[in-house]
Structure formats: structure tokens, C-alpha cells
Amino acid sequence: MRERGRRTRGVLAVVAAAVLGAAGCDAVGGDAAAPSETAKPSSKPTPLWDRSPDSLAAVGDSITRGFDACDVLSDCPEASWATGTSPEVDSLAVRLLGRTGAARRSWNYAVTGARMADLPGQMAQAVRRKPQLVTVMVGANDACRSTPSAMTPVSAFRADFEDSLRSLREALPKAQVFVASVPDLKRLWSEGRDSPMGKQVWKLGICPSMLGEPDALDSAATLRRNTVHQRVEDYNKVLREVCAEDERCRYDGGAVHDYRFGVAQLSRWDYFHPSVNGQARLAEIAYRTVTAKTP
């Protein structure tokens, strides 16, 4: 009888301990003050990356301006992957802000022909709008020069990109940045070189460092193209490294560069810039990166 009583008291003690533990009571001093019934739980810290920003500004070059997407030798900002309102593109701004929001709270400061050296000036314009997200796509024109020797040095490319992010951060400490990788220019050559029309257009001077003499396969031509391709790789390394130093910056992980585009994604006027279809693919990549739970 005594043994059963001791077992009963032991079970009750274990249950009592479990209840006290679940209630968060002090295990040592039973007279510890109970939490106030009026105390409010602490608010959750604001995440560094907001997957649904409320405004957007775009900086960059002709790709972001939608050049040659709708008409020959013309910007077509309504078809821009970043800020366009075309239903065929379903731009990043439309996906994040809705069509009305994109028209009112997104701004495109990209300039056709721009290089990385132009980015600080564009960024200065963008920060005046106080956007919650800034998109960056630039670098193709730095590699697309008359000759490989005329390409922007990697050190200068890095310095101007760092300067651009620094000025943004000083003006808007909490603004987020999406950085797209430089497209694969060598793939442009391999995709368009079978098109007689494309090769004729390229002769007008489109990216001669890569697309000049498209049928040449000798060692000099191969070295020229490989040199440009390596420079694009170097630019993307800079974009990745500099962006990684900013906790509110997301690089696309090379997604734009690695995208296996075909002729359907290229402008039918120059076989270089994205078509409306190509702009839509760029919008998809950007949206995936911006709304991902982790970089």
C-alpha cells in the first residue's frame, strides 16, 4: 500500500513538473513574478529583403529601354522587362505592383547605349523617386566595342558599380537592389550567325567585338570571341561580388547569362536585343529572384 502511494506521488510530481515547464514558470523559485497580462509580444524585426516592394526604378542600357522590341531603331519602354506595361511582357513592375501600380510607381532611367560609367548618373536620378527597389542591367555595351582592346577595363567597371551602389545606399539605406547578369554575347553569335538577315544587320556595326565577321572561324576570330566572352564572365564576377557586400542587394546568380535563348527571344530587326518574347523571359527571371525566400 505504501509502495503504491509512493508511486502515485511520483507520477503526480512528474505531471506537475511538465505543466509548470509548459507554462514557463520558474523551476527554482515558485514565487517568481508572473508575466503581465497586458504585455504585448515584441514586434517581429523587419526583414532585410521585402519580397513585395511598393515602388520600382530601373537603370541600365537599351535592353531595359526595350530597344528594337516593338519597332526598328526605337526604344519601346512599354515592352521593358523591368517597368513595361505590355500584357505580352508582364514586366517585373506589373507582377509586383499590378498594372495600375506599375504605371504610377515605377520609373525607367535606363538609356540606350549606356555603359557602366553611366550608371552613377542614372542612379542619382533614380534615388530622387525614393524607390523601394532598384533594378540594374548593364554591361553588354562595355563588352560590345569596336575591338576587344576597347572594352571597359574590369577595374573601371568595378569602381563605377561600387560608386553607384554607394550613392544609392547613402541616399536610401533601405532600398533594395536587383542586379541582372550580363547576357551571353557569344550565344548571340552562335544563334544569329545562321540567319542571312542577322548577319547583314550585324555588318552595320552591332557589337563588332563579338559579332564582326560572323562566318570567320580562324584562330584570330576564335580568340577575339573568346576574349569578349571572358570579359563578360569577369563583369559578372564583379556584379556578383559587389552585390554580395550589400545585404539588401540580390544578384540573379547568373540566370540571365545562362538562359538558353533562341531566335524567338531576339529582335527580328537586329538579332541582338530581346524581342517582346525575350523581354518576357527577362521579367520571369527577375520576378523569381526578387520574390524568392532566399537569394
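A pocket here is an open set of grid points with protein on both sides within 12 Å along at least five of seven lines, and its lining residues have an atom within 4 Å of a point. Keep that in mind for this model, which is predicted.

I start with the second largest pocket. Its lining has 12 residues, and Q132, K174, A175, Q176 and R248 lie nearest its centre. By type, that lining divides into six nonpolar, three polar and three charged residues. The space in this pocket is about 190 Å³.

Next, the largest pocket, with about 300 Å³ of space. Here 18 residues form the lining, and those nearest the centre are F67, L73, I206, D270 and H273.

Now the rings. How many aromatic pairs does the structure hold? There are two. In one of them, the ring planes of W81 and F178 stand at 70° with the centres 6.0 Å apart, so this pair is edge-to-face. W81 is in the loop between helix 2 and helix 3, while F178 is in strand 4, 97 residues apart. Both of these residues are buried.

F157 and Y235 make a stacked pair, with 4.1 Å from centre to centre and 10° between the planes. Because F157 belongs to helix 6 and Y235 to helix 10, the pair ties together parts that are 78 residues apart in sequence. F157 and Y235 are both buried as well.

The charged end of R187 sits over the ring of F261, at 5.5 Å from the ring's centre.

Methods
Residues numbered from 1 in each chain as written. Predicted model: local features only at pLDDT ≥ 70, side-chain atom pairs only at ≥ 80, totals over all residues. Heavy atoms only, no water. Phe/Tyr/Trp six-rings, centres within 6.5 Å; stacked < 30°, edge-to-face > 60°. Helix = DSSP H or I, 4+ residues; strand = E, 2+ residues; numbered from the N terminus. Buried < 20%, exposed > 50% of the residue type's maximum accessible area, 1.4 Å probe, protein only. Lys NZ or Arg CZ within 6 Å of the ring centre and 35° of its normal. 1 Å grid on protein atoms, 1.4 Å probe; cavity = no way out; pocket = protein on both sides within 12 Å on 5 of 7 lines; lining within 4 Å. Points joined across faces, edges and corners; volume = space filled by probe spheres on them. Nonpolar A, V, L, I, M, F, W, Y, C, P; charged D, E, K, R; others polar.
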